[in-house]
Amino acid sequence: MLRKTLFIDVLLPLPIPGYYTYRVPFVLNDHIGTGKRVAVQFGKKKIYTALVRKVHEKPPQGYIPKYILSVVDDHPIVTEPQFTFWEWIASYYMCTPGEVMNAALPSGLKLASESNILLDPVFDNDLSGLNEKESLIVDALHARQKLTINEVSLIIDQAKVIPVIKTLIEKRVIVLEEELHDRYKPKTETYVRLNPEYEKDEEKLKQVFDELGQRAFKQLQLLMSYINLFRNTGAEVTEIKRSTLLKTVDTSPAAMKALIDKKILETYKKEESRLGEYAASASPEDIQLTEHQLEAYQSIKKQFLEKDTILLHGITSSGKTEIYIKLMSETINKGKQVLYLLPEIALTSQIINRLRKYFGDQVGIYHSKYNEQERVETWNKVLQHQYGQDKEGLSPIILGARSALFLPYHDLGLIIVDEEHDSSYKQFDPAPRYNARDSALYLARMHQAKTLLGSA
């Protein structure tokens with residue numbers, strides 16, 4: 001079967017104009033895709049993580065393109081509407097797409113530009129298929145664990161080392177460090193459950209209780225505590241965090257380990273959110289609007305039939321937030337997403353808690369006080385909206401400062417820009433020097449969404 005020769009245009013996180021074309025090795029043809037990150041050589045010794053903008057079969061004119069070194073992602077992390085939005089930002093605010101990419105991507109999704117190489121875990125130390133310079137690199141890695149591109153250059157006394165590194169990657173001898181150490185790591189928790197064998201057989205479980213009662217009282221205490229936690233509460237799911245179970249009785253982790261070794265209890269890892277769990281305690285329908293609020297709310301709905309952008313003017317504490325909540329509820333009930341922008345200084349725990357009272361886990365937060373892991377988790381929750389049917393645990397509402405504009409929205413229905421007159425919506429330095437309020441209007445038009453500007 002004839003294999004296609006694929007080329008990709010990539011976006012680099014550098015203040016340089018345009019996109020750069022690379023060739024895809026045949027073995028990576030099935031793994032490449034728009035919006036995925038790839039490791040590429042740029043310049044003589046630098047390796048960068050770039051974003052795939054376009055996949056095509058048209059070779060560049062006037063030069064031979066370099067091969068990409070690897071594909072970092074299994075799934076795209078950036079969507080087509082995002083690229084379109086970034087390109088508009090670059091054009092309108094007179095900067096490069098690479099500068100927009102740097103501002104848009106959370107730091108947890110950016111990989112270091114100065115790459116290290118490590119031995120591939122599958123390499124069996126067979127040097128027979130390697131030449132002298134390749135063997136020198138392997139020997140150095142055995143001694144040092146990791147090497148920078150510059151160190152490889154000194155070891156083999158050669159300026160152009162990328163072709164040698166590329167060959168070693170293809171031979172499954174080395175890997176780029178980025179492939180092993182992505183900056184974002186999902187948070188996992190250890191859970192405990194009863195071995196199904198004992199769950200289904202009461203007699204066997206009674207036998208275990210008798211045996212433990214004779215010679216392992218601490219283990220018996222721990223097992224009884226586990227059983228009581230579920231039987232007394234009537235819980236259907238027979239799993240509990242390891243840390244929570246150990247706190248229920250005065251015993252050591254050794255007792256837990258003994259029960260696991262005896263195959264009475266089982267442990268397993270489960271991915272958990274860093275963002276916490278929040279349950280709504282009220283419904284937006286419970287909000288009783290005052291006469292003036294109701295008049296404004298009905299006027300907004302009526303004007304949205306003809307207009308895409310509306311200004312809601314109301315002094316501070318006049319009840320604009322209640323109107324926002326009503327409109328947000330209607331939007332997410334239609335299966336669409338909501339972006340609620342606030343100036344950084346106004347993003348307080350008070351407004352966060354107020355929204356979570358009505359929407360619980362459906363509210364995602366995106367601003368500078370969140371660490372890079374939490375920001376990536378919010379990014380992924382927004383991204384997952386376009387995949388599959390299951391919307392559980394996702395965030396159809398995003399509450400954030402100006403950087404929240406850059407998230408991977410799939411189907412925005414409403415953008416609220418509160419305190420739209422605030423000067424902190426304008427980024428002055430570094431590039432892109434954009435105004436989030438004006439950019440929100442363009443983003444809404446792209447998604448055919450409505451925009452509500454709130455101002456005192």
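**Helix packing, sheet order and local backbone features**

The buried residues of helix 5 pack against strand 3 (37-42), strand 4, strand 6, helix 3 (132-144), helix 4 (149-156) and strand 8. Packing here is contact, that is, heavy atoms within 4.5 Å. Helices (H or I, at least four residues) and strands (E, at least two) are DSSP runs, numbered from the N terminus. Helix 5 spans residues 162-170, and its buried residues are I162, V164, I165, K166, L168 and I169. Buried means under 20% relative accessible area, exposed over 50%, and partly exposed in between (1.4 Å probe, protein chains only). An α-helix has 3.6 residues a turn, so residues three or four places apart point the same way.

The model is predicted, with local features requiring pLDDT of at least 70 and side-chain atom pairs counted only at pLDDT 80 or more, while totals for chains, interfaces and linings use all residues. Residues are numbered from 1 along each chain as its sequence is written, and side-chain values use heavy atoms, with hydrogens and water left out.

The chain holds 16 helices and 17 strands. Of its 456 residues, 50% are buried. Among contacts with a separation of 6 or more, 75% link residues 24 or more positions apart. The accessible surface of the chain is about 23800 Å², and carbon and sulfur atoms contribute 51% of that area. Accessible areas come from the Shrake-Rupley method with a 1.4 Å probe; for residues, only the protein chains shown count as cover.

An open sheet is built from 6 strands in the order 12-17-16-13-15-14, with parallel pairing. Strand 12 (309-313) and strand 14 (363-366) form the edges; each has a single partner strand, so one side of each lacks a neighbour in the sheet. Neighbouring strands of this sheet are turned against each other by 20 degrees on average, direction ignored. Two strands count as paired if DSSP finds at least two bridges between them. Strand 12 pairs with strand 17 (residues 450-455) over 5 bridges, in the parallel sense. Within this pair, L312 stands opposite G454 of strand 17.

Helix 16 lies across strand 12, strand 13 (337-341), strand 16 (412-417) and strand 17. Helix 16 runs at about 165 degrees to strand 16. Axes are lines fitted to C-alpha atoms, for helices over the stretch in contact, and angles run from 0 to 180 degrees between N-to-C directions.

Helix 16 (residues 436-447) also meets helix 1 (residues 80-92). Their axes come within 11 Å and cross at roughly 145 degrees. The crossing is right-handed. A crossing is left-handed if the near helix is turned anticlockwise from the far one by less than a right angle, and right-handed if clockwise. Helix 1 contributes P81, T84, F85, W88 and I89; helix 16 contributes D438, S439, Y442, L443, M446 and H447. By class, this contact has 7 nonpolar, 3 polar and 1 charged residues. Ala, Val, Leu, Ile, Met, Phe, Trp, Tyr, Cys and Pro count as nonpolar, Asp, Glu, Lys and Arg as charged, and the others, Gly among them, as polar.

Strand 6 (residues 116-119) takes part in antiparallel pairing. Strand 6 and strand 7 (residues 146-148) share 3 bridges in the antiparallel sense, and L118 stands opposite K146 of strand 7. Strand 8 (residues 174-176) is likewise antiparallel to strand 6, joined by 3 bridges. There, L176 is the bridge partner of I117.

Positive phi values occur at two non-glycine residues, Q145 and R172. Q145 has phi of about 70 degrees and sits in the loop between helix 3 and strand 7. Q145 is exposed, with a relative accessible area of 54%. R172 follows helix 5, with phi near 60 degrees, in the loop between helix 5 and strand 8. R172 counts as partly exposed, at 48% relative accessibility.

I68 belongs to the loop between strand 4 (46-56) and strand 5 (70-71). At 1% relative accessibility, I68 is buried. Residues up to four places away in sequence aside, the contacts of I68 include I8, Y22, R23, V24, P25 and L28.
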